Amino acid sequence: MSEVLHPSAPRDLPGFITAPGDTDVLMVVVGIILIGAVLAVGNLYLHLHTLPERMAHRSQKLQFEIVAVLGLLALFTHNHLFWVIGLFLAMVDLPDFGTPLRSIAGSVEKIAGVPPGDEAPELAGESTAHAVGAEAPDTTKAGAAKREVRSHA
C-alpha cells in the first residue's frame, strides 16, 4: 500500500520518521534509555549518599549510629551539612575508652575479692553497712517477713 505524499514533501524521508499508525521505535528506545539513565543516576546518588555509613561500619557502634542518623537527616532535610559532618565523623577514628575502663573495673573487682558481675547497688549497700559497723539490710522476702513480724510485736 503506497501512500500519497504531499507534493511539497521531500521524496526521501529520514528513517526515524514513521508512517501514521506505526510504532515509533526511536521514541521507545529513547524512553528505555531515559528510564535506565534515571535509575543509574539514582543508584549512584544513593551509593554516594551512604558512603559515610559504609566508612563508619568498621568503627564503633556508637559512631556508626551517629553517622547513620546524620545520613538520614541529610537525606530527608536536603541539608548537605549533615552529610559532610557524617563524612568527617566517619573518617576520624574515635578512641575506645570503654575497653580499658572495663579492664580496670574487672581488675579492681578481682583485687577486692568481689565475684565479677555483681550489681553496683548491692556493693554500695554493703560498703555503707560496713562503714557504719552495722549489718547489711536483708532485702529478701524472708527479711521482709521478719521485719513485719517485729513491727507487729
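What share of the contacts in the protein with a separation of 6 or more is accounted for by residues 24 or more positions apart? The share is 42%, where a contact means heavy atoms within 4.5 Å. The model is predicted, with local features requiring pLDDT of at least 70 and side-chain atom pairs counted only at pLDDT 80 or more, while totals for chains, interfaces and linings use all residues. Residues are numbered from 1 along each chain as its sequence is written, and side-chain values use heavy atoms, with hydrogens and water left out.

**Figure 1. Overview of the protein.** Helices (H or I, at least four residues) and strands (E, at least two) are DSSP runs numbered from the N terminus. Of the 153 residues, 10% are buried; buried denotes under 20% relative accessible area, exposed over 50%, and partly exposed in between (1.4 Å probe, protein chains only). The accessible surface is about 12,600 Å², 69% of which belongs to carbon and sulfur atoms (Shrake-Rupley method, 1.4 Å probe; for residues, only the protein chains shown count as cover).

**Figure 2. The pairing of helices H3 and H4.** The axes of H3 (residues 61-77) and H4 (residues 80-91) come within 8 Å and cross at roughly 160°. H3 is therefore roughly antiparallel to H4. Axes are lines fitted to C-alpha atoms, for helices over the stretch in contact, with angles from 0 to 180 degrees between N-to-C directions. Angles under 35 degrees count as roughly parallel, over 145 as roughly antiparallel, 65 to 115 as roughly perpendicular, and the rest as oblique. The crossing of H3 and H4 is left-handed, the near helix being turned anticlockwise from the far one by less than a right angle. H3 contributes Gln63, Ile66, Val67, Leu70, Leu73, Ala74 and Thr77 to the contact, and H4 contributes Phe82, Trp83, Ile85, Gly86, Leu89 and Ala90. These residues comprise 10 nonpolar, 3 polar and no charged (nonpolar: Ala, Val, Leu, Ile, Met, Phe, Trp, Tyr, Cys and Pro; charged: Asp, Glu, Lys and Arg; polar: the others, Gly among them).

**Figure 3. Surroundings of Gln63.** Gln63 lies in H3 and counts as buried because its relative accessibility is 3%. Beyond its neighbours within four places in sequence, Gln63 contacts Leu89, Ala90, Val92 and Leu94.

**Figure 4. His78 in the loop between H3 and H4.** His78 is located in the loop that separates these helices. With a relative accessibility of 60%, His78 counts as exposed. The phi of His78 is near 55°, a positive value in a residue other than glycine. Most residues other than glycine have a negative phi.
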